[in-house]
Amino acid sequence: MLPARLTRAIPFLAHPRPSGPLLRSEALAGLTVGLMMIPQSVAYAHLAGMPPVTGIYASIVPALVAVFFSSSQRLSVGPTALTALLISASLTGMAQPGSAEWIQLAVWLALLTGLLQVVLGWARFGWLLNLVNAPVLMAFTQAAAVLIITSQIPSLLGFGGGWRFMLHTPSFDWASAVFGVATLALLMGARRWRPGFPTVLVIVLATAAISHFAGFEAHGGKVVGTLPSGLPSLYVPGWIGWDTLGQLVLPVLVITLVSFLETASSAKVDSERKGERWDQDQDLVGQGLAKIASGFSGAFATSSSFSRSALNLYAGAQTGWATIFSTLVVLLALLFFTPVLRPVPQSVLAAIVVAAVIGLLKPREFRRLWRLSRVESVIAAVTFGVTILAAPALYWGVLTGVVMSLSLFLYQRLHPRIIELGMHPDGSLRDRHLWQLPPLAPQSYALRMDAALDFAAAGQFERNVIEYLTEHPHTRHVFLFAQSINRIDATGVEVFLRLMSQLQQRDVVLHLVGIKLPVEKVLLAAGALAPHPKVQVYRTENEGLAALRAIELAARREPADLAAAAI
């Protein structure tokens, strides 16, 4: 029996010894994912501006590290399109893609993002990643998908260079275009009809054979080229200077956020299927260590691929052994089969990237978000637009979305929902003005605030009560239905005591209904709930409603008593 501390640090060790049938099932799932990972990793390395073989490097040791140290062990860790794009965009202008300086900067990005994720995980700060909400992530992901696709179109269609050369000095290659378009069509068709079939690998092998026997490279076609075989060696990057390091700060933050949100999207699905709680902090540690391992392998930052993770689950993976088998498949390809990839046309790699990310384009999500929340849909649209316009500095899109979302959050906290209550015909307490309901009792103000009574909401709460009393000077009772107030801070206590004093000066009784224990403890410690004729406390809503009915009955009897006295 291994120590609990060890199994918590290395979750893979907590699994029991696998049986023979389980290993056979895991080997089949690993083979399926590994065959898909080989061509994808080469394509994503090309997207990141890295040598193609580094994509394979990023699929071996990092995947093993992740499966040992992550809680979600059925995820496929390695190169992903979104992270590759962020790396390429972050380093554009700092070095020439594929150069030694570019590789060194990419390695620094991997090491820094990995270190940051490990620190966040060890400090149990995984909740910080919630700063990027779903609308912002959706908009950024779709904008990134658009940028990825547009960046691959020149290579896909057989044009030399990027868009600038394509538009001004076009150099068109019909053979490359045929390879690219045909590959894309086959991949899209296979995704629909045979999602579990290793179509990517079959197409890569077929195009490699056609390219080799047709003399595609000899006629000027661009191919993957020679890939070094053998295991990756230890890569220790040189010092890049404080100025250059400062330029990597924002990219490191954005890659840390976005790459882990990629992981979260897959890990949540995996946890739900297993019926377990997702340990985001342990996954932060595992993913961070994987990035560090990738950096020291001379590769680039990794993440969890949603498509490969989904394929892993579809193929029947039950444990992390499937990832170990897929890593073995990639390792064997690196040792013995890299010459096969040499004649693969670069347009085929572009088609693989486009086919992988085209599923991220979901324009209907913007329409659905518009129906749910107009404000959040505007935030998503601005995030999308800024990401596109700021390219290659993609981090401005994420930062813009985060700042706008936090601004909306603060605005909502500073303007809590405070309603006057009335009795609805169905017997529930609802917004009196929205449903055009009569007051609960004469000379009474019954309200509910759907927020914590803290520094953000306390001022608005006090203002709301005082304004009502000013407009209705004959009010003698204020009923606060406090079931929705679950927290109070020092500012809230100060405002509450000040409001109590103002109510007593106006000869108004404060009735507290359904106050929660955490709030009650703080108010008791502040002396706000000491016995007083102008303060009444009711444990339940029924007790509060009974007090309101008593006030209403007293108000009805009062005119009759005055009439009898006049007789």
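**Notebook: strands, helices and aromatic pairs**

I began with strands E3 and E4, which pair in the antiparallel sense over three bridges. The model I am reading is a predicted one. Within this pairing, I found Leu-421 opposite Asp-431 in E4. I then looked at the hairpin that E3 and E4 form: five residues lie between the strands, and among them Gly-427 takes a positive phi near 90°.

I followed E3 to its other partner. E3 and E5 run antiparallel and are joined by three bridges. Ile-418 has Met-449 in E5 as its bridge partner. Is E3 buried or exposed for the most part? I noted that five of its six residues are buried, so E3 is largely enclosed by the rest of the structure.

**Entry on helix H20**

I turned to helix H20, which covers residues 395–414 and has 20 residues. From its first C-alpha to its last it reaches 28 Å, close to the 28 Å expected at 1.5 Å a residue. I listed the buried residues of H20 as Tyr-395, Gly-397, Val-398, Gly-401, Val-402, Ser-405 and Leu-408. Seen down the helix axis, these buried residues fall within an arc of 160°, so they line one face of H20. As a reminder to myself, an α-helix has 3.6 residues a turn, so residues three or four places apart point the same way. On the other side of H20, I found Val-403 and Tyr-411 exposed. What covers the buried residues of H20? The cover includes helix H7 (134–156), helix H12 (249–274) and helix H19 (374–390).

**Entry on helix H17**

I examined helix H17 (residues 346–357) in the same manner. Its twelve residues should span 16 Å at 1.5 Å a residue, and its end C-alpha atoms are 17 Å apart, which agrees. Ten of the twelve residues are buried, so I describe H17 as largely enclosed by the rest of the structure. The buried residues include Ser-347, Leu-349, Ile-352, Val-354 and Val-357. I found that their cover includes helix H2 (20–47), helix H5 (81–91), H7, helix H9 (174–193) and helix H10 (199–214).

**Entry on aromatic rings**

How many aromatic pairs does a search of the whole structure find? I noted eleven. In one of them, the ring centres of Trp-239 and Trp-242 are 5.0 Å apart and the planes stand at 75°, so the pair is edge-to-face. I found both Trp-239 and Trp-242 exposed.

Phe-366 lies in helix H18 (residues 364–372) and Phe-384 in helix H19, so the pair ties together parts that are 18 residues apart in sequence. At 25% relative accessibility, Phe-384 counts as partly exposed. I also recorded one aromatic cluster formed by Phe-12, Phe-68 and Trp-321.

**Entry on Ser-25**

Finally, I looked up Ser-25, whose place is in helix H2. Its relative accessibility is 25%, so Ser-25 counts as partly exposed. Leaving aside residues up to four places away in sequence, I found that Ser-25 touches Gly-316 and Gln-318. I also checked Ser-25 against Ala-66: they are 41 residues apart in sequence and 21 Å apart in space, C-alpha to C-alpha.

Note on methods:
Residues numbered from 1 in each chain as written. Predicted model: local features only at pLDDT ≥ 70, side-chain atom pairs only at ≥ 80, totals over all residues. Heavy atoms only, no water. Helix = DSSP H or I, 4+ residues; strand = E, 2+ residues; numbered from the N terminus. Expected span 1.5 Å × (residues − 1). Buried < 20%, exposed > 50% of the residue type's maximum accessible area, 1.4 Å probe, protein only. Arc of directions from axis to C-beta. Contact = heavy atoms within 4.5 Å. Phe/Tyr/Trp six-rings, centres within 6.5 Å; stacked < 30°, edge-to-face > 60°. Pairing = 2+ DSSP bridges.
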